[in-house]
Amino acid sequence: MKIVCRCYDITEEEIIETIKKYNITSLEELKRILNVGMGECQGRTCIPIIISIMSRILGKSPDDIEVPKPRPPAFTVRLGDFIGDEDAHK
Amino acid sequence: MLISNEKYDVIIIGAGSIGLMTAYHFLKMGGKSVIVLEKGYLGCGSTGRCGGGIREQWGSPENIILAKKSIDIWEKLPKELEDDLEFHQGGYLILAFSEEEAETLKQNVHLQHKFGINSKILTPEEAKEIVPILNTSGIVLATYNKRDAKASPFRTLFALKKKIEEMGGKVLTHTEVIGFKVKGKEVKEVITTRGSLKANLVVNATGAWSKIIGKMLGENLPVEPYRHEIMVTERLSHLFDPMVISFSKGIYFQQMPRGEIIGGIGNPEEKPGFFIQPTSWFPYHFAKTLIEIAPALRHVRMLRHWTGYYEVTPDAKPIIDYSEVINNVIHATGFSGHGFMVSPMVGKIVAEMLLGKSPSIDIEPYSIRRFREGRIVRETGVVG
Ligand SMILES: Cc1cc2nc3c(=O)[nH]c(=O)nc-3n(C[C@H](O)[C@H](O)[C@H](O)COP(=O)(O)OP(=O)(O)OC[C@H]3O[C@@H](n4cnc5c(N)ncnc54)[C@H](O)[C@@H]3O)c2cc1C
Ligand code: FES
């Protein structure tokens, strides 16, 4: 068992199984079904590994894998910080 | 891959919840040849961006009927599709912040009871028992219905696609419809970026883009895209079960099975149009309103924030009707921000229409004609 996405505890086996089960062709699809790449690290850890797994399984070059759009915020933000609520840090 | 010269009984344009539910029901009821065409990847439209909320607590008979019959189907769907849709009936809690709003919610509940829905009126304290993180100050009353639910939009789309393919239907992504070959008052061919296909019947299930398809057919559909923003937080331990919403504040939020909170708020200043960029208006107003309602959530971190379109009609009620200009086209669109939850019943009705059966509910209230004839009463129960 090899953990690929640490934020969501997703293994390589689960990724391969899901790609095959639903005939997934893009990372945009995979990430929405398994949540991979959508964790606290915003996919910085796992997306490169997943691209290489997908390119291997689908027989595509890594450059041909549709890569998810980065979503704001670039780093996680406390909801209280959006409204400048200082005491919330206590 | 070129696809020219294939012929289908039914071509459905748009592989969102409406298009796929239609294809599924069509095959289930004995239909044979159907293909669903999707311009992007599966879930790239509104369905893949939506909150996944499902409720029968509505303010008009049209929406109550569709939603109630849809929940009947949702309850059986995971078994039928043999897949985990993350369907869970944790209820919806609707909050009233003024006497006037309380009155509207009471009237809605009264109407819902006429249709056999078990919604209840709760005091703020009773509401807090269900959602312990609730700040009750300012809340006049709440309504609650345990049968309301949530499901994963993405899992639903993929499970439907898999089932449709197993039943002999086709779902073709990355294939955009760019025109039609019309003869007399009939579409003969659907022209796509990968060639043309012949069809007997065509369904326009393109949601926020359905007006563009209408235009290609020479028909004016009053459906406008409105940007809506939504966010997800980090995962937390289980805090509450229902979707919490307020019509007056335009906010909704819920906790997902994995523990993250998903929620959105509508911007009353939003203009129609295809504006996909997230705004800076959203995180501030969402955070402010959410913290007012559930102060403890101020400590939670927002992970991502994205946008999608509501496909809005002038009365916020759907269009499920035959085209007024082309004989072999059906439009199923204009769900105004609640198309996912009603998609099972809409799919069933459209499938019945495709098979020449009379629809199992009266579709007159969903006609295109109503806008021209000025017979419109706006739905009060829209959030965001
Ligand atoms: C932020 C947000 C939150 C929401 N929350 C909820 C909720 O909690 N509950 C709920 O029930 N609803 C919710 N909604 C509304 C819901 O997402 C929509 O009403 C519903 O998904 C509409 O489904 P659809 O199948 O009609 O449209 P879509 O899912 O948009 O499907 C239409 C498809 O047609 C495709 N298409 C368009 N033009 C063409 C073309 N020319 N050729 C081929 N394909 C084409 C599009 O790419 C798209 O995939 C929300 C919406 C948003 C934006
Ligand atoms: S490791 Fe996958 S999102 Fe962080």
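**View 1. Helix α2 of chain A crosses helix α5 of chain B.** In this predicted model, the axes of α2(A) (residues 27-34) and α5(B) (residues 153-166) come within 8 Å and cross at roughly 115°. The crossing is left-handed. From α2(A), the contact takes in A:E28, A:E29, A:R32 and A:I33. From α5(B) come B:F154, B:R155 and B:F158. Three of these contact residues are nonpolar, four are charged and none is polar.

Terms for this view: helices (H or I, at least four residues) and strands (E, at least two) are DSSP runs, numbered from the N terminus. Axes are lines fitted to C-alpha atoms, for helices over the stretch in contact, with angles from 0 to 180 degrees between N-to-C directions. A crossing is left-handed if the near helix is turned anticlockwise from the far one by less than a right angle. Contact means heavy atoms within 4.5 Å. Nonpolar covers Ala, Val, Leu, Ile, Met, Phe, Trp, Tyr, Cys and Pro; charged covers Asp, Glu, Lys and Arg; the others, Gly among them, are polar.

Residues are numbered from 1 along each chain as its sequence is written, and chains are lettered from A in the order in which they are written. Local features need pLDDT of at least 70, side-chain atom pairs count only at pLDDT 80 or more, totals for chains, interfaces and linings use all residues, and side-chain values use heavy atoms, without hydrogens and water.

**View 2. Helix α3 of chain A has buried residues.** They are A:I47, A:I50, A:I51, A:I53, A:M54 and A:S55. Buried means under 20% relative accessible area, exposed over 50%, partly exposed in between (1.4 Å probe, protein chains only). Their cover includes β1 (3-5), α1 (12-21) and α2 of chain A. After α3(A) comes A:G59, with a positive phi near 65°.

**View 3. Chain B is divided into two domains.** Domain 1 is 3-50 + 154-222 + 315-372, and domain 2 is 89-148 + 224-312. The bounds come from an automatic or database domain assignment. Taken over C-alpha atoms, the domain centres are 30 Å apart. In domain 1, 15 residues are in contact with 14 residues of domain 2.

**View 4. B:I319 lies in strand β17 (residues 319-322) of chain B.** B:I319 counts as buried because its relative accessibility is 0%. Beyond four places in sequence, its contacts include B:P222, B:H331, B:Y366 and B:F371.

**View 5. B:S137 sits in a loop of chain B.** The loop runs between α4 (124-130) and β6 (141-145). B:S137 counts as exposed because its relative accessibility is 51%.
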